Amino acid sequence: MYQQGMNNNLLGLDQMELVQLAESLGEDSFRGRQLYIQLYRRKQYDLGHMTDLSKSFRLRLLQDYSVTLPTVHQAVTSRDETVKLLLRLDDGAFVEAVHIPEETRDTLCISSQVGCAVGCTFCMTARMGFARNLRVGEIVGQVLRAIEMGLVGANGFNIVFMGMGEPLYNYRNVMKAFRLLTDSEGMDLSHRRITVSTSGVIPVLKQMAEEPKLPNLAISLNATTAEVRNRIMPINKRWDLKELLDVCRDFPLEPRRRITIEYVLLKDETDSDEDARRLARLLRGIPSKVNLIPYNPNPGLPHERPEEYQIRRFQEILGELNVSAFVRKTRGLDVAAACGQLAHLETS
Ligand code: SF4
């Protein structure tokens, strides 16, 4: 049944809910469908300009509803042209989204929560603590705002849920946003271009495996022993990495798709030759590729970036053991938009 959010924002409602809304206002159901097309396909956010809707319907909508995109509080462009957006939500909370231009295809990194409860020691978002889940409209709103600003084209870019928050702790809203982003009648983005990254919420991962349409999956692994992972990712005390990798082994994948394993290289903590060998062993039987992320220094966090030669050596060892591994180029470092650097702290 259609349920309106606190702020009466139409953004985030799917086609069925907009049809129900139209009917509840005494309109034909096709008016709801028209409204859906206006919002998500035509990207028209001014109710007054939706001239294919009857005037009476528009007036009814204007009385009680709005179409609200997150507001750009700040946009900072890095020397490498990465753009970090600090977005203000209806209730005054802030989240960040990052646009990373690339030669072949741009990437937009979006948030799923305000803050995060997972507490990874290498991540600035963890310092914020957890405030709340993002609503569906606030998730798709980040994408629509980036399109509206001309940062990304309406089609043909990657979306990664790797900004603030643990997406699987906001599973219902993240998956509804995913369906809206990929609906062929609406935003029509390719599900193959959307990646959801998780620190390993095993029960939700199992639930996700049952979905009819799936985004790509990325696992934020970052360690090869329970001891180290317990220390840098406390979630491991609840859901252990071996069990997590077993779930990955069974995860349904489309032909030629692989799970991305995110691995932050922390000097003298996760970057040893033995770690590389152990990682290769752990990943046996999982169609996967490894993204190595040399740690990006953050003020006040207790880690260091490895030397370049050790980063290369780690990658080489994986290669020798037939594991595809890529070193992720650090982007947006000078504006604190790189991996693990997203946070809106009162002091920042
Ligand atoms: S790395 Fe991800 S899961 Fe861990 S604290 Fe940061 S935002 Fe949360």
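## Helix packing, domains and ligand shell

Helix H5 crosses helix H6 in a right-handed sense, in what is a predicted model. The axes of these two helices, H5 spanning residues 136-148 and H6 spanning residues 171-182, come within 8 Å and cross at roughly 45°. On the H5 side the contact is formed by Val136, Ile139, Val140 and Val143, which meet Asn173, Val174, Lys176, Ala177, Leu180 and Leu181 of H6. Sorted by class, the residues of this contact comprise eight nonpolar, one polar and one charged.

Two further helix pairs can be described in the same terms. Helix H1 (residues 15-24) packs against H2 at an angle of about 135°, and their axes are 7 Å apart, which makes H1 oblique to H2. The crossing of H1 with H2 is right-handed. From H1 the contact draws on Gln15, Leu18, Val19, Leu21, Ala22 and Glu23, and from H2 on Ser29, Arg31, Gly32, Arg33, Leu35 and Tyr36; by class, this contact holds six nonpolar, three polar and three charged residues.

Helix H10 (residues 273-282) and helix H11 (residues 308-320) have axes that come within 9 Å and cross at roughly 35°, and this crossing too is right-handed. Asp273, Ala276, Arg277, Leu279 and Ala280 of H10 make the contact with Arg313, Phe314, Ile317 and Leu318 of H11. The contact of H10 with H11 has six nonpolar and three charged residues, with no polar residue.

| Helix pair | Axis separation | Crossing angle |
|---|---|---|
| H1 and H2 | 7 Å apart | about 135° |
| H5 and H6 | within 8 Å | roughly 45° |
| H10 and H11 | within 9 Å | roughly 35° |

At the level of domains, the assignment for the protein chain gives domain 1 as residues 15-64 and domain 2 as residues 71-335. The centres of domain 1 and domain 2, taken over C-alpha atoms, are separated by 35 Å. Five residues from domain 1 and seven residues from domain 2 take part in the contact. Helix H2 (residues 29-41) supplies three residues, the largest share of the side of domain 1 that touches domain 2, and that side has two nonpolar, one polar and two charged residues by class.

The ligand, finally, is surrounded by Cys116, Val118, Gly119, Cys120, Cys123, Thr125, Ala126, Met164, Gly165, Glu166, Ser199 and Ser220.

Definitions and conventions. Residues numbered from 1 in each chain as written. Predicted model: local features only at pLDDT ≥ 70, side-chain atom pairs only at ≥ 80, totals over all residues. Domains from an automatic or database assignment. Contact = placed C-beta atoms within 7 Å. Helix = DSSP H or I, 4+ residues; strand = E, 2+ residues; numbered from the N terminus. Nonpolar A, V, L, I, M, F, W, Y, C, P; charged D, E, K, R; others polar. Near = placed C-beta within 6 Å. Axes fitted to C-alpha atoms, helices over the stretch in contact; angles between N-to-C directions. Parallel < 35°, antiparallel > 145°, perpendicular 65-115°, else oblique. Left-handed = near helix turned anticlockwise from the far one by under 90°.
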